[in-house]
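Take a look at the protein below.

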Amino acid sequence: LGTEFGCFNFKEIRILAEREARKYSSSCDKEINSYDIYREISKRSNICAAAAEREIALEEEMCYANPYMLSLFHTLIAYNKKVVVVSDMYLPAAVLERILHKNGFCGYKGLYVSCDYGCNKSSGRLFKYVKRDFGDNVIHIGDNLSADVSGAKRAGICAYHYSRCSEIGGFPDSMISPLGSVYKGVVSNLLYSGFCDMNERERFAF
């Protein structure tokens with residue numbers, strides 16, 4: 001995105017902009033949305049706040065489903081379980097809903113996004129809205145120990161940790177370039193999501 005707008009230190013600017021936006025957030029958990037971030041970016045570069053729409057378009061184009069979680073989702077729906085989506089995210093619910101539907105996640109009963117509610121999973125506050133709407137008999141599954149497990153337990157919700165694919169893969173931290181990040185994401189989700197039935201030799205060959 002930075003290259004597209006002629007801003008070659010975009011990564012650093014965006015990280016700083018998000019940090020600054022959270023600093024000035026009035027919400028209880030310092031939650032923000034993508035438009036807040038780009039207002040800060042516009043103060044530090046020639047990229048205007050309207051570029052937030054371009055980032056959103058790229059998110060919608062590039063995001064794809066974790067195959068294991070998609071399979072689990074459809075299994076739960078087939079068994080008539082109520083499924084809700086809870087996310088700590090700066091993309092508004094309307095954007096996440098388009099991404100979810102595009103990738104086959106249809107039929108969930110609720111979507112709770114931190115930037116829309118002004119509170120997050122880590123504090124446990126976002127889960128309280130889930131309990132308000134669906135009661136205490138809730139199980140949460142997520143890959144972040146702090147937000148998805150500890151945060152859920154703070155709200156009195158049973159939680160299960162789903163190991164993050166990129167961590168299982170053991171890729172080196174030096175792979176921080178955009179291309180390296182894409183490679184790690186694609187390969188990790190293919191091999192380590194829990195859906196792939198390759199043996200270790202086949203995985204090594206891949």
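Which exposed residues does the face of α7 turned away from its buried side carry? They are Lys-128 and Arg-132. Exposed means over 50% relative accessible area, buried under 20%, and partly exposed in between (1.4 Å probe, protein chains only).

## About the model

This is a predicted model: local features need pLDDT of at least 70, side-chain atom pairs count only at pLDDT 80 or more, and totals for chains, interfaces and linings use all residues. Residues are numbered from 1 along each chain as its sequence is written, and side-chain values use heavy atoms, with hydrogens and water left out.

## Helix α7

Helix α7 spans residues 125-134. Its residues Leu-126, Phe-127 and Val-130 are buried. They lie on the same side of α7 because they cover an arc of only 95 degrees around the axis. That arc is taken from the directions from the helix axis to the C-beta atoms. An α-helix has 3.6 residues a turn, so residues three or four places apart point the same way.

The buried residues of α7 pack against several elements, including β1 (84-87), β3 (139-142) and α8 (145-154). Just after α7, Gly-135 takes a positive phi of about 85 degrees.

## Glu-40

Glu-40 lies in helix α2 (residues 34-44). Glu-40 counts as buried because its relative accessibility is 9%. Leaving aside neighbours within four places in sequence, Glu-40 is in contact (heavy atoms within 4.5 Å) with Ala-17, Glu-20, Ala-21 and Tyr-24.

## The whole chain

The protein chain has 11 helices and four strands. These are DSSP runs, numbered from the N terminus: helices are H or I, at least four residues, and strands are E, at least two. Of the 206 residues, 39% count as buried.
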